[in-house]
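Please brief me on this chain.

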Amino acid sequence: MSTGAADPKAEKFELDNGTIRVTLTNYGAAITSLYVPDKHGNVADVVLGFDTIEAYVVSFIDPFCFAVRLSSLVASAAKSCGFDTNDNAAYFGCIVGRVANRIKEGKFNLNGEEYTLPINNGPNSLHGGNKGFDKVVWSVVERKDGEKPSITFKYESHDGEEGYPGDVIVTATYILTSSKTMRLDMEAVPKNKITPINLAQHTYWNLAGHNSGNVLEHLVQISGSQITPVDENSIPTGELLPVKDTAFDFTSEKKVGSSIREVTGLGYDHNYVLDSGEKKEGLKHVAKVKDPSSSRVLNLWTDSPGVQFYTANYVNGVAGKDRAVYEKHSGLCLETQGFSKCH
């Protein structure tokens with residue numbers, strides 16, 4: 001399908017190296033499925049998402065976050081862009097930008113000029129606004145097969161888009177570098193004006209399988225001994241809070257659900273300041289996730305300073321792939337990112 005006569009066509013693509021098989025779409029440069037084997041060789045799709053491109057497009061382009069509850073065929077406005085069936089306000093699998101995470105009151109000052117952005121998350125602007133990079137069709141500029149299959153998406157963001165200054169060229173390359181490894185390289189190049197940029201990849205992981213229920217039994221270790229605490233509107237306070245002896249302490253492996261009820265709100269949605277510890281090929285170790293039932297393990301590495309740990313707190317009755325219905329805590333996100341130190 002296409003979003004317009006002159007636009008690139010929204011399509012699905014596949015990378016397969018015999019062990020990992022990943023399906024992507026150029027709509028939002030999103031991962032839609034990722035199949036990997038468990039300890040017995042049984043293959044499962046370990047990321048949340050939808051069956052069709054149409055589900056992503058229909059849900060993404062709705063500026064009022066309307067959702068349709070298929071069971072009753074009743075349309076309702078989801079409170080604060082909450083999630084219902086076929087509502088990808090959850091940002092399943094996509095790349096978010098121009099600025100990931102929240103900008104307080106949708107305003108920022110740059111070189112003495114104030115910029116105003118769309119408000120789409122309480123009093124804030126979230127993940128690039130009403131039509132961020134997750135809600136556009138990217139061009140496919142390169143595809144490679146072979147031992148290291150890859151695909152490169154490109155998007156040109158224009159001056160004034162969602163209130164941001166300047167033209168920006170964004171590229172995202174997904175590559176299967178080995179039988180057990182997928183790499184994502186993201187780059188954003190401003191063309192004519194200084195502009196804020198903070199890209200993040202927003203995949204929801206469930207290593208037991210996307211349709212297996214919640215991830216509260218998953219074991220997580222995060223290489224961050226501090227978080228950036230937030231106020232009542234999820235904006236950083238400017239402090240750095242040590243996680244030791246708190247519910248946020250994942251410096252040693254522990255279950256997602258072991259302390260989640262001690263967290264204010266519905267669960268984890270916090271930025272961890274990554275420690276300068278173990279490195280590989282110039283990248284810092286971010287986190288290790290393990291599903292005890294399947295023994296699948298995810299290790300994440302980045303060159304970003306922080307990672308947003310999010311436990312699908314607002315996912316509620318979303319109709320996903322293979323007739324799955326995603327509920328709260330049905331997946332977890334590890335969004336590597338830059339982060340604000342103050343309001």
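The points below run from the whole chain to single residues.

This is a predicted model: local features need pLDDT of at least 70, side-chain atom pairs count only at pLDDT 80 or more, and totals for chains, interfaces and linings use all residues. Residues are numbered from 1 along each chain as its sequence is written, and side-chain values use heavy atoms, with hydrogens and water left out.

**Whole chain**

- Of the 343 residues, 52% are buried. Buried means under 20% relative accessible area, exposed over 50%, and partly exposed in between (1.4 Å probe, protein chains only).
- Among contacts with a separation of 6 or more, 61% join residues 24 or more positions apart. A contact means heavy atoms within 4.5 Å.
- The accessible surface is about 15,700 Å², and 49% of that surface belongs to carbon and sulfur atoms. Areas come from the Shrake-Rupley method with a 1.4 Å probe.

**Cavity**

- One cavity of 30 Å³ or more is present. A cavity is a set of points on a 1 Å grid over the protein atoms alone where a 1.4 Å probe fits but cannot get out; lining residues have an atom within 4 Å of a point.
- The largest cavity contains about 40 Å³ of space. Volume here is the space filled by probe spheres set on the grid points.
- Its lining consists of Gly97, Arg98, Gly128, Lys131, Gly132, Phe133, Ser157, Glu161, Glu162 and Tyr164.
- By class, two lining residues are nonpolar, four polar and four charged. Ala, Val, Leu, Ile, Met, Phe, Trp, Tyr, Cys and Pro count as nonpolar, Asp, Glu, Lys and Arg as charged, and the others, Gly among them, as polar.

**Threonine 152**

- Threonine 152 sits in strand E13 (residues 150-157).
- Threonine 152 counts as buried because its relative accessibility is 10%.
- Its side chain makes a polar contact with the side chain of threonine 173, at 2.7 Å. A polar contact is a pair of N or O atoms within 3.5 Å; within protein, one must be able to donate a hydrogen and the other to accept it, and residues adjacent in sequence count only if both atoms are side-chain atoms.
- Beyond four places in sequence, threonine 152 touches Ser139, Val140, Val141, Glu142, Thr171, Ala172 and Thr173.

**Serine 304**

- Serine 304 lies in the loop between strand E24 (297-302) and strand E25 (306-310).
- Serine 304 is buried, at 15% relative accessible area.
- Serine 304 and lysine 284 are 20 residues apart in sequence, with 8.1 Å from C-alpha to C-alpha.
- Leaving out neighbours within four places, serine 304 contacts Leu274, Lys284, Thr336 and Gln337.

Notes
Helices (H or I, at least four residues) and strands (E, at least two) are DSSP runs, numbered from the N terminus. On a 1 Å grid over the protein atoms alone, a cavity is a set of points where a 1.4 Å probe fits but cannot get out, and a pocket is an open set with protein on both sides within 12 Å along at least five of seven lines; lining residues have an atom within 4 Å of a point.
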